2 protein chains.
Amino acid sequence: MSYPTTPISLDDIESLSVGAWILGTGGGGSPYLGLLNMRALYAEGRTVSLMDPFDLADDADVAVVSNMGAPLVGQERLTDSRTVARAVEIMARYQGRPFHAVMSLEIGGGNAIQPLMAAAHLGIPVVDADCMGRAFPEAQMTSFAIGDLQPWPLSMADCRGQEAIVARVTSWKWMERLSRKACVELGSVASTCKAPRTGAEVKRWGIHHTTTKAIRLGQAVREAQRRHADPIAAILEAEGGLRIFAGKVSDVARRTTEGFLRGTATIEGLDGERGSRMEIAFQNEWAVAWRDGVPAVTTPDLICVLNAVTGEAIGTETLRYGQRVAVIALPAPPVLMTPKGLDHVGPRAFGYDIEFRSVFAPVSE
Amino acid sequence: MSYPTTPISLDDIESLSVGAWILGTGGGGSPYLGLLNMRALYAEGRTVSLMDPFDLADDADVAVVSNMGAPLVGQERLTDSRTVARAVEIMARYQGRPFHAVMSLEIGGGNAIQPLMAAAHLGIPVVDADCMGRAFPEAQMTSFAIGDLQPWPLSMADCRGQEAIVARVTSWKWMERLSRKACVELGSVASTCKAPRTGAEVKRWGIHHTTTKAIRLGQAVREAQRRHADPIAAILEAEGGLRIFAGKVSDVARRTTEGFLRGTATIEGLDGERGSRMEIAFQNEWAVAWRDGVPAVTTPDLICVLNAVTGEAIGTETLRYGQRVAVIALPAPPVLMTPKGLDHVGPRAFGYDIEFRSVFAPVSE
């Protein structure tokens, strides 16, 4: 199969890394190391192209890739594009046929760049789609899981040369449990190729055009920075977002545990928010934000903590005391807000006994 | 390929379960549940046959099976012969061809019966060999690992339907680490098919004729029981063993942790040993025995704790206060006592800073 594709320029990837970091809602790992990989690959003459998910044949084989683990560990053990490609190759060998295209598990954070790194080595296009529309910490938190698609197999590779396959599981939660333990043993970071998807599955259950959305978002921020305009206003306008809070980081409690980065950040209000306080709990990604003890925004609405001046995202692993930040919310993909979607990614899926109310479409009581 | 084989009778399997439990040196799990499985399979009309390892063609494909995990858990989650067969089938599918024969990872304990259960479903012979000549707790503690054979791949199946493959590792220790984590997550017990071996590898590095050895040992015990003779004397005579201690169990400290059963047993001397005390440390299997604080026997010499009257083995998971026991030592396979062998299975491999001195061939200082 050969598909109509559009080349992705290095400038697109620079924008992608800015936009994806915002959509990462604190997680997904910094796209910066992926960007460095792509600069090096483009300098070697390799290029990557993007294709529309709706151009996929129903029986096309699509690899779904992600770097799995705790973002903080990714700061020390750097991403290597060959390891990502190896995870795809292990899966291709396991299923007995090559892939036609590769896509991102999550468009948020560094995982937006993972399929590009694989594609540069494998010579196949990147599908303009993902299955979260943001970033989430666990395997069952995807539109494919919400659609009850087959959770297995999964392949995993680390930088040392270990390789594992979760060959069959009885639920997405079991996929999460088994793959997470293996990932933790490999050092809490591993390159993974998730359950392969057909073109038909990607068209029915994928979250579409999120790569181009992240590129557009990054372009809006970079353009505002160039014009010395307010980048946060540019983000809100581009994505229909809402300002939630503004303040100074006064505390961060953070621990890397069982393959996740968990904790809570506290932000003291500034300007119009002076006297108020926001607390945000995270499991890799920002999950629930409370203003003065009252839930203000919860997953799956996208909670983004941004540098108040540059508009660039701050991750749960890089937030620190004294930073001036803006907290904004962006709308979540509709599939995440269905009753089945909320079972997978609503506040209760993260252990918070809070009813989900989107800040964009409040539910009347 | 078709090999000369000898049918194994159900009476042979009854003897195998007695002999293997002694060779298990406290671990490998009780063979009793495997025996019940074999009684049921034979009642259905299935039978199993044994073949000599030296009849294997050099390029024969041999599956190496074992039930992995903490013996105590195996007391609650019962062995199902179909799960063992499934582990072999996963591996056959993964390597793209069926197996010619199946063999035991360890002849000690329930794992002596595992290949018989697989064979009864798969219709292939059992090779009269294993790669420990006893039981050991970890993946790198085999003659195949001592021979530096390829440690991967490994397949794993649980009773619920989860399946995993450790596809590639850079060392036997990494195989142990990755497979152990997966096993623990599955509930600390799983059926595994270890790295497939060729006939040439089994002939060069297998520990040969251990199935028939365990059957013979069990026959000796059962015969002594029938004749009201001393079964322990019969064991010592059959295997060239040594009496080490006799007494009453006064304490057992036991914990199931990270997929192992660990702890220490204390035995107060009786008869000729009155006033003395033996302590035996275990990790699934008995590892080191001290008499009055002085090392008396250590791995890889086989330390066996036997019921003083019946001569039957007592496992680390079933030893309890008040039992009258005899502690004996049996000789280890020579490959385990080479310098490379001791690196894998000597006292230091279990964390004890003790020089190995076999009770059968004391090293002069």
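Which residue of strand 8 of chain B is the bridge partner of A:Ala164? The views below start with that spot. This is a predicted model, in which local features need pLDDT of at least 70, side-chain atom pairs count only at pLDDT 80 or more, and totals for chains, interfaces and linings use all residues. Residues are numbered from 1 along each chain as its sequence is written, while chains are lettered from A and ligands numbered from 1 in the order in which they are written.

**View 1. Strand 8 of chain A meets strand 8 of chain B.** The partner of A:Ala164 is B:Val166. The two strands, residues 163-168 in chain A, run antiparallel and are joined by five bridges (strands pair if DSSP finds at least two bridges between them). Helices here are DSSP runs of H or I with at least four residues, strands are runs of E with at least two, and both are numbered from the N terminus.

**View 2. The side of chain B that touches chain A.** Each chain brings 18 residues to this contact, where two residues count as touching if their C-beta atoms, placed from the backbone, lie within 7 Å. On the chain B side, strand 8 (163-168) and helix 7 (172-185) are the elements that give two or more residues. That side holds nine nonpolar, three polar and six charged residues. Here Ala, Val, Leu, Ile, Met, Phe, Trp, Tyr, Cys and Pro count as nonpolar, Asp, Glu, Lys and Arg as charged, and the others, Gly among them, as polar.

**View 3. Domain 1 and domain 2 of chain A.** The domains cover 6-210 and 231-350, with bounds from an automatic or database domain assignment. Domain 1 puts 30 residues into the contact and domain 2 puts in 29. Helix 1 of chain A supplies four residues, the largest share of the domain 1 side. On that side you will find 17 nonpolar, eleven polar and two charged residues.

**View 4. A hairpin in chain A, made of strand 15 and strand 16.** Strand 15 (residues 285-291) and strand 16 (residues 294-298) pair in the antiparallel sense over four bridges. Look for A:Trp290, whose bridge partner in strand 16 is A:Pro295. Two residues lie between the strands, and A:Asp292 takes a positive phi near 50°.

**View 5. The loop between helix 6 and strand 7 of chain B.** A cis peptide bond joins B:Trp152 and B:Pro153, with omega about 0°. B:Pro153 sits in this loop, between helix 6 (143-146) and strand 7 (154-157). B:Asp148 is found in the loop too, and its phi is positive at about 55° although it is not a glycine. Most residues other than glycine have a negative phi, and most peptide bonds are trans. B:Asp148 is exposed, with 11 other C-beta atoms within 10 Å (exposed means 12 or fewer such atoms, buried means 20 or more, and partly exposed lies in between; C-beta atoms are placed from the backbone).

**View 6. B:Asn284, in the loop between strand 14 and strand 15 of chain B.** The loop runs between strand 14 (277-283) and strand 15 (285-291). Phi of B:Asn284 is near 65°, a positive value in a residue other than glycine. B:Asn284 is buried, with 28 other C-beta atoms within 10 Å.
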